[in-house]
Amino acid sequence: GGMKLKLVKADGKWPAEAGFDIGGQDVPCKVKSLKIDGDSIEVAYDWDFQGTAVTSTLTGKRKDRSMEGTYKAGAADQAIGTGTWKLSAK
C-alpha cells in the first residue's frame with residue numbers, strides 16, 4: 001500500500017502526521033515520537049490491526065527531495081514485519 005508522512009516545521013517544532021493504506025483502505029495512525037537530527041529521521045506511530053495495537057518505527061535519511069530508510073512493526077514484544085520505505089516530497 002501507500003504511505004504518508006507529513007512534516008511541517010511550526011514555531012521551532014516538527015508536528016508530524018503519519019498514515020498508510022492496506023488493500024486500498026486508509027489506516028489511521030497516531031505519531032508517538034519524532035526525532036530529526038540533520039538529515040536523519042526517526043518516527044514511531046501506533047495503529048490498529050484487527051484489534052491489536054501495533055507500533056511501527058521508521059528510520060531513515062533525507063536525500064534531496066525524498067527520504068528513505070527501514071521500518072519495523074511490532075505488537076506487545078512480538079515482531080510483525082520489517083522492510084524498506086521511500087517517500088518523495090510533494
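This note goes through some strands, turns and a pocket of a predicted model.

1. Basis. Residues are numbered from 1 along each chain as its sequence is written, and side-chain values use heavy atoms, with hydrogens and water left out. Because the model is predicted, local features need pLDDT of at least 70 and side-chain atom pairs count only at pLDDT 80 or more, while totals for chains, interfaces and linings use all residues.

2. Strands β5 and β6. Strands here are DSSP runs of E with at least two residues, numbered from the N terminus. β5 and β6 pair in the antiparallel sense over 10 bridges; two strands pair if DSSP finds at least two bridges between them.

3. Strands β6 and β7. β6 also pairs with β7 (residues 66-75), in the antiparallel sense and over 9 bridges. L58 has Y71 in β7 as its bridge partner. This hairpin has 2 residues between the strands, and D64 takes a positive phi near 55° there.

4. T57. This residue is found in β6, which covers residues 52-63. Is T57 buried or exposed? T57 counts as buried because its relative accessibility is 17%; buried means under 20% relative accessible area, exposed over 50%, and partly exposed in between, with a 1.4 Å probe and protein chains only. Leaving out residues up to four places away in sequence, T57 touches E42, V43, A44, T70, Y71 and K72, where contact means heavy atoms within 4.5 Å.

5. Positive phi in two loops. D11 is not a glycine, yet its phi is positive, about 55°. D11 is found in the loop between β1 (3-7) and β2 (16-22), and at 79% relative accessibility D11 counts as exposed. Q50, also not a glycine, has a positive phi of about 50°. Q50 lies in the loop between β5 (40-49) and β6 and, at 72% relative accessibility, counts as exposed.

6. The largest pocket. About 550 Å³ of space lies in the largest pocket. Of the 21 residues that line this pocket, L5, L7, M67, S88 and A89 are the closest to its centre. A pocket is an open set of points on a 1 Å grid over the protein atoms alone, where a 1.4 Å probe fits, with protein on both sides within 12 Å along at least five of seven lines; lining residues have an atom within 4 Å of a point. The volume is the space filled by probe spheres set on the points, which are joined across faces, edges and corners. β1 gives the most to the lining, with 5 residues.

Note on methods. Helix = DSSP H or I, 4+ residues; strand = E, 2+ residues; numbered from the N terminus.
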